[in-house]
Amino acid sequence: MGILGLVLSGCSLHTDNKWWNQTINFGFPTGITPEGTAVREFWTLTVIASLVVGVIVWALMFYPMIFHRKKKGDNEFPRQTQYNVPLELIYTILPFVIISVLFYGTVVTQNKVLDLAPEDEVGVRVDVTAYQWNWKFGYNKVDVDGASIEDGTDYEALAEAEAAGTRSPEEQEAEGLEGPAASGPVHGRLPNDKSYLEYNNMETVGTSEEVPVLVVPTNTRIEFRLASADVIHSFWVPEFVYKLDVMPAPGQNQQLNKFQVEQIDREGAFVGRCAEMCGTYHAMMNFELRAVSEADFAEYINFREDNPLATNAEALEHIGQEPYATSTEPFKTGRADTREQANTIDNNAAAN
């Protein structure tokens with residue numbers, strides 16, 4: 001009973017009231033995207049296959065332990081079998097079959113997760129910028145019923161970077177740009193070149209006092225483009241069952257810096273985290289993904305376009321959503337507390 005309880009504790013039953021979708025997750029999280037569902041289904045099949053192999057191995061172990069153990073007073077040496085060609089062939093071929101099936105399942109699932117649909121199939125493109133220790137989200141493209149943004153990049157900020165000489169002479173010549181040429185040790189670039197970062201007219205920026213809320217629609221293909229302004233971070237929404245490192249200068253690092261989800265299956269608030277140790281306040285680098293209906297998302301975008309000075313909280317309230325994050329809350333950084341504690345210690349020392 002103890003072994004049975006231990007084994008069954010790893011099983012969980014998920015159902016959406018459709019008998020054909022009842023699945024045993026074996027402790028794996030239930031995703032909110034088709035890609036996450038594919039990963040969970042592959043995990044379930046892998047565990048079932050592992051259990052089948054395990055049962056066979058356990059049977060081969062315990063059968064001789066029970067039925068071929070030495071009996072008291074029996075000194076007869078058991079019959080020895082040196083070769084068993086059919087059994088040895090099975091032992092050799094069967095593992096290759098298992099590995100081949102698992103490899104095929106891995107490739108199929110991986111291709112689905114990493115699939116990038118053509119540009120015209122993407123409904124929303126979000127530029128994600130990570131920095132110590134928070135997030136900036138910008139809407140680069142929105143194409144849903146009732147709202148549309150065609151290329152939300154702020155080229156004025158990029159022009160300022162070009163005028164400051166952050167592009168190499170070759171790039172300026174190739175693009176017909178004017179202004180002072182860049183100079184520096186990194187392929188003609190300045191060491192602090194940040195021209196690879198994306199700037200958008202409609203952005204949500206997190207602060208130490210407010211967790212950034214990224215609003216996205218359900219039933220829409222979404223693309224996330226990632227870049228870091230300083231060190232390596234990692235963009236992770238646990239319900240996506242997928243995470244991707246956020247690199248500085250992803251082009252120069254030859255890093256895949258974007259991924260897509262076919263759609264988000266249900267509305268809700270889902271915590272997002274940085275999954276790469278990025279410094280002292282790494283644990284405080286949370287955000288929230290708020291999935292709303294397509295109609296509410298269109299209303300949200302239109303409100304922000306019509307009211308460019310309005311806060312993200314006001315836009316969320318406009319569509320009847322909670323104005324601030326509900327899945328996580330800001331952490332106390334301790335920096336102010338540390339200073340106050342130091343001042344208290346100094347004052348006490350002076351008083352003594």
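The model is a predicted one, in which local features need pLDDT of at least 70 and side-chain atom pairs count only at pLDDT 80 or more, while totals for chains, interfaces and linings use all residues. Residues are numbered from 1 along each chain as its sequence is written, and side-chain values use heavy atoms, with hydrogens and water left out.

Overall, the protein has 8 helices and 13 strands; these are DSSP runs (helices: H or I, at least four residues; strands: E, at least two), numbered from the N terminus. Of its 352 residues, 36% are buried, where buried means under 20% relative accessible area, exposed over 50% and partly exposed in between (1.4 Å probe, protein chains only). Taking contacts (heavy atoms within 4.5 Å) between residues at least 6 apart in sequence, 65% join residues at least 24 apart.

An unreviewed UniProt entry puts the feature "transmembrane region" at residues 42-66 and 87-107; such positions follow the numbering used here, feature names are shortened, and annotations may be inferred rather than shown by experiment. Residues 42-66 are 100% helix and 0% strand, with end C-alpha atoms 36 Å apart. Residues 87-107 are likewise 100% helix and 0% strand, and their end C-alpha atoms lie 30 Å apart.

Lys194 sits in the loop between α5 (169-175) and β6 (203-205). With a relative accessible area of 34%, Lys194 is partly exposed. Neighbours within four places in sequence aside, Lys194 touches Tyr199, Ala229 and Asp230. Pro248 is 54 residues away from Lys194 along the chain, yet their C-alpha atoms are separated by 8.8 Å.
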